[in-house]
Amino acid sequence: MFLSCQKAPERNCKDFKTGTFTFTSLVEGDSLTTTFVREGNIEIDYFNKKVDSSSIRWINDCEYILKQLNPKSKEEEKSIHIKILTTTNSSYTFEFNAVGDSKKLRGTAYKKH
């Protein structure tokens with residue numbers, strides 16, 4: 001009989017419910033960074049000299065739904081489901097998708113101290 005000694009991934013999701021974070025994504029070959037501040041049930045995103053606010057509804061300690069408060073298009077009206085997969089002391093890896101969309105994307109957010 002073989003036993004796996006592989007350690008389960010760390011998931012201290014509560015450490016990331018509030019704070020200021022950065023997330024960098026590749027868009028059409030450009031590396032773009034979003035800064036967001038999460039406090040209580042509100043998240044404020046700063047991206048490309050624009051500011052957007054979203055409500056947060058926590059499903060559990062590691063999953064939540066974001067919904068833009070002032071959507072300007074049909075696309076922005078879609079809620080986003082976010083699931084934290086793993087955590088470190090200063091970052092978390094997550095997957096996200098528009099609610100109802102099966103295509104999931106992944107990213108890593110870094111907490112600013």
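Helices (H or I, at least four residues) and strands (E, at least two) are DSSP runs, numbered from the N terminus. The model is predicted, so local features need pLDDT of at least 70 and side-chain atom pairs count only at pLDDT 80 or more, while totals for chains, interfaces and linings use all residues. Residues are numbered from 1 along each chain as its sequence is written, and side-chain values use heavy atoms, without hydrogens and water.

The mean pLDDT of the chain is 90, where pLDDT is the predictor's confidence in each residue, from 0 to 100.

Nine aromatic pairs are present; rings of Phe, Tyr and Trp (its six-membered ring) pair if their centres lie within 6.5 Å, and planes under 30 degrees apart count as stacked, over 60 as edge-to-face and the rest as tilted. F21 and F36 form a stacked pair, at 5.3 Å centre to centre with 20° between the planes. This pair links distant parts of the chain, with F21 in strand 1 and F36 in strand 2, 15 residues apart. Both residues are buried (buried means under 20% relative accessible area, exposed over 50%, partly exposed in between; 1.4 Å probe, protein chains only). W58 and Y64 form a tilted pair, 4.5 Å centre to centre and 45° between the planes. W58 is partly exposed, at 22% relative accessible area, whereas Y64 is buried, at 1%.

One aromatic cluster is formed by F16, F21, F23, F36, Y92, F94 and F96. The charged end of K17 sits over the ring of W58, 4.7 Å from its centre; the criterion is NZ of Lys or CZ of Arg within 6 Å of the ring centre and within 35 degrees of the ring normal.
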